[in-house]
Amino acid sequence: MIRSGMATLGVAALFLAACGGTGGGTPQKKTELTLYNDKGAWTKYFDEMGALSKQKIGLGMKPTGYTDSAQYQAFIKASFRTNVKPDLFTWQTGGMLEEIVKQKQVADTTAVWHEAIKAGDLSQDLAPYYTIGGKQYCVPMNVAYWGMFYNKKLFDQHGLKPPTTWDELVKAAATLKKAGVTPFYHTSVLFSFVWFEQLMAGSDPDLYDRLSTGKAKYTDPGVVQVMEKWKELIDAGYFVNPGDKTDPGDVMKNGKAAMISFGTWFNTSMTQRDMKAGTDYGFFVIPNVNPALPKTSVIFESGPLCSLAKAADPDASTKYLKWWTSAEAQEKWATSRGDVSANPKVQIKDEALGQITKDAGSGKYRLVNRYFEATPPPVLTAALDGFGKFVTEPGTYKEVLATIQKEADEYWSTHQ
Amino acid sequence: MRRSSPILGRFRYGYVAPAALLVAGLLYAPFVWTAYLSLTRYDGLAPPEWAGLANFGKLFDDPALLTSLRNTLLWVVGTMVLPVGLGLLVAVLSYDIKGGAWYRVPFMLPYALSGAGLALVWSPILSHGGIANVLLGVDTAFLQSAPVNTLAMLLVWTWQQLGVNTLLFVVGLQSIPKEPIEAARLDGASGWRLFRHITWPLMRPLTAVVVGLALVASLKTFDIVWVLTQGGPGRNSETLAVTMYKETFVASDYGYGSAVAVMLTVVTGLASYLYLKRQVAS
């Protein structure tokens, strides 16, 4: 009996040893870092950055791209408790960054920020998005301003110019609709929030801010009016069917919709499809719904590139983040994707994108944090589902707002 | 009574230990951990906080869960009628005819695809403006409104599962002894009467297996729904397994997601138990 018990224990010990790995905590000197990200479609560009960093700072980088963000986030959260840790990883600013900082999982990058701001590689305006408890965490992987991409050929064909007021935008939509062209794109999955945030920010940006901090309710009259405005546009037949699964890049290229509201990163989709700015497509800032607002509201987002507090080689990770913010790295990162950059020194080749970056930097716009980052994760999940339901059945807007508010009430009751 | 070999006796626990540890480590331990998490508030990062039965209380107050239960029930009933029912029909019609195996081959091929791969293939067919719209000359968004979206996904599921059910039923038909069938034929039974009174009762053991497997598979439907609709729009095509995944990994509410997982386990276990008990009794 004792022997058989010993045998069992022996097998158990072997099994556990096999599962246990080599144990962490030993500092390593790395020459290549792993970069986990939820931007699987950008692997080619990350690879190019890895090759460049190897050449410039002697530190390579290998990306592992996920395409499902839920799966990606679950992996990163689980990795905090295992030895399979990424050296670098992409994340989200706002509530999600706060969550992992509170758990002491993210490396402090205050020194990197301080140096980069001093060298003019990062702007002080960007720091608040990365500041928690007075310290900075992560560096900007990308920045994006949101506006309207439009099919230039369709606009030219129907004698339209980029609108400068909300009325002109609606008039352009009516003209296109009359000519048998669907004016706008929207979807029932993931990006279902786009028109909500745009209409909110263009109608009452203060209310939008209060909503994201739990100081206003989704059932408030101002929010209800925004949903009614959105419904009005849907009822007028200005949107593609939200169930259309065509890639938005193809929607723009083949003219299935004349206008698509996205961040400047959407320019990468145009680049990938060999579309030429100014000939095939254009970009304009979406005018405010409320013309009385002092500044045009522009949705802004910035995605962080982070390293772990308990990284395998903390010095290498910090060195890489520092390099990432430099003009040398950002020039490559922005131009290869045809996007804007967090580094003010980088010259943006695309004229319209260069202009919005310059104007935003000069304080011409009121920058509004993207809904995805501004809203706490549980409320966001309910809202994405809610807006998905609304675009399919626009008559349900009051029910949708009540459902989101129920989730918001639950969240803010413990997070104020 | 004969004693077992002394060597076998001494090390008997050692022999079963690897398998027992694997099952305990990979099956029972995660289940116990999930059951514990269902009694906590846990976001996947901070340590779980004890919440008692709060998550289970929320289950009964969640309209999305009711939709989820309704859809899961639709999947169970639909699976019995379509992949299982049609599988039986194809098996019976193609059995005992010349070249019957060749008729069954086209039904078998889709089984080689994974659920996610299958959904990716059908996505451009069923989405609005997709191939189905063009071929049928209609403007229906098959994946938008409930319950049409669930029914459309059931058809996809049928396309994949029909073959394997057919194959299992054919095996069942082949295992039936010839004598009762011949005796019934001599007594003048044929067609529906022969099937209803002789073939069908003799196939019962295999039918129990096919229905049992289909019951469990339909209760845990996830991949097709996740890839085709992600449970939407507005959660109207969610199944219990999708709700479990969404609450856990999308909303990061691991406690509530675990409560859904426990509920799904109980529902699946209970349904399987009741079904098998009934089969054994009869």
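This note covers a helix pair in chain A and an annotated span in chain B of a predicted model.

1. Helix packing in chain A. Helix H17(A) covers residues 377-392, and helix H18(A) covers residues 397-415. Their axes come within 9 Å. The crossing angle is roughly 175°. Angles over 145 degrees count as roughly antiparallel, so H17(A) runs roughly antiparallel to H18(A).

2. Residues at that contact. H17(A) contributes Pro378(A), Val379(A), Ala382(A), Ala383(A), Gly386(A), Lys389(A) and Phe390(A). They meet Tyr397(A), Val400(A), Thr403(A), Ile404(A), Glu407(A), Ala408(A) and Tyr411(A) of H18(A). By class, the contact has 10 nonpolar, two polar and two charged residues.

3. UniProt, in an unreviewed entry, places the feature "domain: ABC transmembrane type-1" at residues 69-275 of chain B. In the model, that span is 76% helix and 0% strand.

4. Leu215(B) sits in helix H11(B), residues 204-219.

5. Contacts of Leu215(B). Setting aside neighbours within four places in sequence, Leu215(B) is in contact with Val76(B), Ala271(B), Ser272(B) and Tyr275(B). Tyr42(B) is 173 residues from Leu215(B) along the chain, and their C-alpha atoms are separated by 31 Å.

Notes: Residues numbered from 1 in each chain as written. Chains lettered and ligands numbered in written order. Predicted model: local features only at pLDDT ≥ 70, side-chain atom pairs only at ≥ 80, totals over all residues. Axes fitted to C-alpha atoms, helices over the stretch in contact; angles between N-to-C directions. Helix = DSSP H or I, 4+ residues; strand = E, 2+ residues; numbered from the N terminus. Parallel < 35°, antiparallel > 145°, perpendicular 65-115°, else oblique. Contact = placed C-beta atoms within 7 Å. Nonpolar A, V, L, I, M, F, W, Y, C, P; charged D, E, K, R; others polar. UniProt positions renumbered as here; feature names shortened; annotations may be inferred.
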